[in-house]
Amino acid sequence: MKNLIKNWVLLVILLSLFTYFVFALTSVSVVSPTISQNVSGNLLLNSTTDLGAVNTTFYWYDASSGLLTYNITLVNDTVDDTVFNTTIDTSLVITDGIYNVTVNATNLTGSTVSNTTITGVTVDNTAPTVTLV
């Protein structure tokens, strides 16, 4: 009987640990872009998570219409990776305008944490015109 109780206690402990490591993802933070940042050309997309993320996705929404205009998913390249980053060329993938960027992180079970939105990111890839008088 004591062995049965010990086995059940061990099973509960193991299930608790498994649940912690699989469901532990609770937040995603964005390092870049930043609120009200003006960008053109190459832009570093950088986010960090607390634990257990398999990917993060950057969603670019037009600030005036609310329409999704671009998204990119960054995949975890190591088991314990908590930093996700890549560089995009805004002149190739995003038209000029003001955007709100939402970043989601997904854990091993497919559960998504979406708690970070960066507002007012201005993309301006149009070169200025100069008139000499």
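The model is predicted: local features need pLDDT of at least 70 and side-chain atom pairs count only at pLDDT 80 or more, while totals for chains, interfaces and linings use all residues. Residues are numbered from 1 along each chain as its sequence is written, and side-chain values use heavy atoms, with hydrogens and water left out.

**Open sheet**

- Three strands make up an open sheet in the order β1-β3-β6, with antiparallel pairing. Strands (E, at least two residues) are DSSP runs numbered from the N terminus, and two of them pair if DSSP finds at least two bridges between them.
- The edge strands β1 and β6 (83-89) each pair on one side only.
- Neighbouring strands of this sheet are turned by 20 degrees against each other on average, direction ignored. The axes behind this angle are lines fitted to C-alpha atoms, and angles run from 0 to 180 degrees between N-to-C directions.
- Seven bridges join strand β3 (residues 42-49) to β6 in the antiparallel sense.
- Leu-45 stands opposite Thr-86 in β6.
- Strands of a sheet pair through backbone hydrogen bonds, either parallel or antiparallel.

**Aromatic pair**

- The count of aromatic pairs is two. Rings of Phe, Tyr and Trp (its six-membered ring) pair if their centres lie within 6.5 Å; planes under 30 degrees apart count as stacked, over 60 as edge-to-face and the rest as tilted.
- One of these pairs is Trp-60 with Tyr-99, edge-to-face at 5.9 Å centre to centre and 75 degrees between the planes.
- Trp-60 belongs to strand β4 and Tyr-99 to strand β7 (residues 97-107), so the pair ties together parts that are 39 residues apart in sequence.
- Trp-60 is buried at 0% relative accessibility, and Tyr-99 is buried with a relative accessible area of 1%. Buried means under 20% relative accessible area, exposed over 50% and partly exposed in between (1.4 Å probe, protein chains only).

**Asp-62**

- Asp-62 is in strand β4 (residues 53-62).
- Asp-62 counts as buried because its relative accessible area is 18%.
- Apart from neighbours within four places in sequence, Asp-62 is in contact (heavy atoms within 4.5 Å) with Leu-67, Thr-69, Ile-98 and Tyr-99.

- Ser-32 and Pro-33 are joined by a cis peptide bond with omega of about 10 degrees.
- Pro-33 lies in the loop between β1 (28-32) and β2 (38-39).
- Ser-36 is found in the loop between β1 and β2 and has a positive phi of about 60 degrees although it is not a glycine.
- Most residues other than glycine have a negative phi, and most peptide bonds are trans.

Notes:
Helix = DSSP H or I, 4+ residues; strand = E, 2+ residues; numbered from the N terminus.
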